[in-house]
Each structure stands twice: as C-alpha cells, then as structure tokens.
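Work through the exercises below with the sequence and the structure side by side. Try each task before reading its solution.

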Amino acid sequence: MLNKIILYLNVLGLTWFVPPLKMVCGQDVAYEAKRFVRMIGLPLIAVVIFLFLWHVIAGQVKIKGQILPGPVEVTAAAGKMYRDYQASQANYVTYQADFAKAQTEYPQMSETELRELMPYTAAPTYLDQIWTSLKTVFTGFVIASLIAIPLGILCGMSAAAFEMINPFIQVFRPVSPLAWLPIVAIIVGATMADVPANSFWAKSYVVAAVVVTLCSLWATLINTANGVAQVDKDYLNVAKVLNLGWFGTIFKVVLPSALPQIFNGMRLSIGVGWMVLIAAEMLSQNPGLGKFVWDMYQSSSDDTLALIMVAVLTIGVIGFILDRIMIALQRMVSPGAMLAVR
Amino acid sequence: MKFLEIINVAKHFNHPTKGKIEVLSNINFSMKKGEFITVIGHSGCGKSTLLNMVAGLDLPSGGSVCFEEKEVMRPVPERAVVFQNHSLLPWRTVIGNVMLAVNSVFKDKSKKERLERAEHWLKVVGLKDHMHKYPHEISGGQRQRTGLARALAMGPELMLFDEPFGALDELTRSQLQDESLRLHFEENLSVFMVTHSVDEAIYMSDKVVMMNNGPNATIGKILEIDFPRPRERLKIFESAQFAHYRNECIRFLFSRATGGTGEPAPAPVATAETPIVVPGAAPA
C-alpha cells in the first residue's frame, strides 16, 4: 500500500512528499530525514538568503523618491489585494441581494431584462483575471495541439511531408508574439466586428488565444514528428504482418508509441504559451494577468511596483504548476512509469 | 501445389557513399508444406534479409519469392513472423498483444470467439497465468512465448522464425526449442527459421540451408537432416549422426569464413556456445 502511494507520488512528480510520508510510517527514518533536509532544507535556505538580500538591497535603492519594494512591501501589497478581493466579494453578495429584491418587486420582468437594467459593473478581481488568463492560454493551447499533433504525425510518417512543412517551421517558429499580434488583431477585428465585447468570444480574448496558438504550436509539432519518426521499426513490421492498415497502424501502434514524446512537446508548448500570453494580453487588452500588469504600469500609485511584483510571482507560480501538471501527464502515458503503478 | 519457392533471388541495397551493395545473389531453394527449414550463416550474410523477403516485408531486387504459386508482394497474416526481439507492444498486456493479431485477422468472428482463440494459444504456449501481465513484467522466455502465441493465433500457413531464441539463456532456449518442435509436430506447422546456432539448426530442422559469407552471399550447401520426429533432445544430441551433421556444418561455415575451399576440415573446436557432445564420434 505504502509502496504504491510512493510510486504514484513519484509518477506524478510529487517527490517532495515521499520522505515525510515514509518518516510518518516509520520507514528508514534517519535516511529519509537526511533526504528531506536535502530536498526541502537546501532550497529553503536559498530562498531565505534571497529574501534577506532582496530586503537589504531594496532598502538602499531609491527610485523617484520611493524605495524599491522589498519582500515586506510585496507581502503587504498581496495582503491589500486579498482585502480588495474580499471587499468585491462582499460587494457581489450585496448586488445579488439587491437583484433578488428587484426581482420580487418587478415580477413582470424577465431575468435577462432585469440584468440589462441593473448590470454588475464592478471591475474584475485578481482571481477573475487569473481565471481569464488560464482560460485564454488553455484555448490557445488546445487549438495549437489540434493543429500540431495531426500535422506532426503526418511529418513523422512521411519524409516528403516533413520536407514540405519544415521551411514553415523554421521561419515561423522564431517569430515573436509581439510581431504576430498586430496581424492577428487586424484580422480578428475585421472578421469579428459584430461580436459584442462582453461575450465569451470577445475580440481581445480571441486575439490573445490565437497569438498563443501561433507561438506554441511549433514545439508540439516538432516533438510529435520526432516521436512518430522514431517509432521502433519492429513495431511497424508487426503492424505490417498483422495487416493493421493505415488507420490501425496510426492508432494502435504509432500514437501509443509516440505519446510520451507528444506530451513532451505539449509541455514545452504550454510553457511557451504561458510566457507569450502575458505579452499578448498586454497588447490585446484581454482582461487577464497581462492586462493587470499593464494597467498597474499605467497607473502611478505608491504601490505600483509591489503590485506588479505580486503579479510576476503569481505568473511564475502558475507557470510552475502548469509545467508540473504536464510532467505528471507525460509520465502517466510513458510505458514503464504508470504501468508499474498498476 | 508448390508451397514455397525461392527462384534466383538477389538483393542489393544502395549505400549513400559506398554505392550499390550486393547482399544476396542467386538464391534458389524450395520448401514443402509441413517442413522445418533452417537457414544458417555468419552474421551479416543476409539471412534475415532473406526471411524478410519471404515475409513480404522486403522485396527482392531480382528473381522472385513464390508462396503457394503466387509471387510475394507484401506481408500477410498467412506468413506469420516471430521476431528476433519479441517486438511486443509494451503498452498492451500479453493477451492484448495476441488480441491485436486476432482482431486483425478474424474480423468477422464474434468478440467471444476471438477472445477464446487468443486464450487458447496462450494456454498452448504455457502462459495461462500470465495473460494479463505487461511485457515488462514477464521473463524473456515468456515474452518470446507471447510472440509465438501471437503468430500462432493468426492461423498461419507458414511460420517465419527470425532468430527467435537468440537472446535467451541456454536453458530457456532449449525449452523453447523443444516446445516449438512439439508445436511443429502436433499442429503440423511449416517453419522457416533463421539462426546462427549450428546445434539449433540440426536439432530442429529437416533441411539446413547453409549460406556462405557476404557480400554477395549465396547458398553454399543444403544439408538434409534425417532424424525421426518427434525428436528427443538427449537421444539426438548424444548420437553419432548428430556429431557428423555438426562437423559438416562447422567445416562449411569455418572454411567459408576464412576463405578456404572446405578442405581439409579444421578439427571441431569446442566453444562455450557449441560444446562437443560426443568426442571421437565424428566420422567425417
């Protein structure tokens, strides 16, 4: 039982939890304690040293008469943001109560009519913005995968297809999101002119998602092509002898065999996508973390820098979590990892 | 009806820097239904290429391979291959691997019948208790048995063995050889095998086809093996006739390897792989 849990933790990349778990269960306590100190203690020491240096140096630097925010100021800014969030939650509760009251007072009006008359106008909270960013990056990532995986399979199966697609990969892959954005914005702006700004498929949202797609699909494409091209020749011979056909060979032999590589590409893609997203949101004004950073940059309050630093940390932590999720998914589809857990 | 005929087969590959490389040329022999034929030769002489051409995985550059009087153009399940390194799909269980073959060949049968077929052949090769394990959870011998069951479950006319026992330890190898012989006898199989083990070739086959060294390898000699079936390992390995066959093979393979004419024969050399079973019993 314990071994199975440990195996799962390892597969999911949650190795940090293995030593404490084993220590709690009384297994190899001395050894695991040592491992725990190495795994958690050393990074912790580094973080403490970093925070200390940051605090000391920040206190010395003056910008436009203000000190550079140190860890204390940033923590305070995060606390303020959390209180703002609570306040806006309270606001929303009041609004809902008001709305319910209005519904009883004017029973002849439908809910949609009433919502139009008294809309909820408060600015999105920080959590709303994080959620918007995640939705946008996910949309772009899904579109990228839907394009890149079939194309990658084609490139991996046929050298001719790869020769034809390769120039596009080489030329478009290094293009910065900032160069794509105006093109995408103009095209989307023209084709989606009639879409209202508050719908789910708002223009800014589509622009940011498409830019994420354009920048992130290459990693998945290249890795899928590689994975498919590297499928063991013996497996392909098996498929031939069994007369699996084109379709059967792809779905029963090629795809399962290339899955770890495909997921590796998707992991790189989502990393690139998350990085690109912030820039795309700044320029397209999609109400996510990128827009938050941009708005803070434009406003000049005392805690601008501290708030942006909170955003930077948030972006980093979310990127880290996304990466961890992709690693876990990749391990789950790799033969030998998840199979061993069964 | 003629079963398998290999007529004037030649094969060359185009190497990017060395140009055209002749691998095989002028290969001629035939095989009757129910026979067990082994092709033996030094590594790199093109035996596996020959097997691939019989399977249809590769096409000859000249001449033709005819199976049941039709030219072989592509692989079909009637000529099932047992691969050198088992080639089981690691993400499928033992029975999953066999089912992949059964599902593909017997599309018109019901799910139940197909499952029964897969289970039957796994039982025959002795994997009844390991059907739901993954390839990495079973031993090398069991993996090779799974490969055998996968090929048998396709109901083939001809079984192609591409050095299937080469990677196994001595004891497991003997065991699998005996079981393959039993299957050949009981199920009336026709087997075309490629190997580099002299003992294995003599013990198992009706005919040993000896290839000389590449490039441009061809058949040097065909040795008819006249042991009754079913074969008994100890009796055969201890017989004077076995030593005789063995010396014939070794003389051929060694003289060709060193570019000699085949005469005079070097004394049989005991190696770790092919120990001399009956010293002094060689009449050669």
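## Exercise 1: a covered strand

Strand β3 of chain B, residues 36-40, is mostly covered, with 5 of its 5 residues buried. Here a residue is buried if 20 or more other C-beta atoms, placed from the backbone, lie within 10 Å of its own, exposed if 12 or fewer, and partly exposed in between. Strands (E, at least two residues) and helices (H or I, at least four) are DSSP runs numbered from the N terminus. The model is predicted: local features need pLDDT of at least 70, side-chain atom pairs count only at pLDDT 80 or more, and totals for chains, interfaces and linings use all residues. Residues are numbered from 1 along each chain as its sequence is written, while chains are lettered from A and ligands numbered from 1 in the order in which they are written.

Task: state which way the residues of β3(B) point, and find its partner strands.

Solution. 
1. In a regular strand, side chains alternate between the two faces of the sheet.
2. B:F36, B:T38 and B:I40 point one way from β3(B), and B:I37 and B:V39 point the other way.
3. Strands pair if DSSP finds at least two bridges between them. β3(B) is joined by 5 bridges to β8 (residues 191-195) of chain B, and the two run parallel. There, B:V39 has B:V194 as its bridge partner.
4. B:I37 stands opposite B:K207 in β9(B).

## Exercise 2: confidence

Task: decide where chain B should be read with care.

Solution. 
1. pLDDT is the predictor's confidence in each residue, from 0 to 100. Chain B averages 85, and 89% of the residues score at least 70.
2. Over residues 258-270 of chain B, pLDDT stays under 50. Residues 272-284 of chain B are also below 50.
3. Where pLDDT is low, the predicted coordinates should not be read in detail.

Notes. Contact = placed C-beta atoms within 7 Å.
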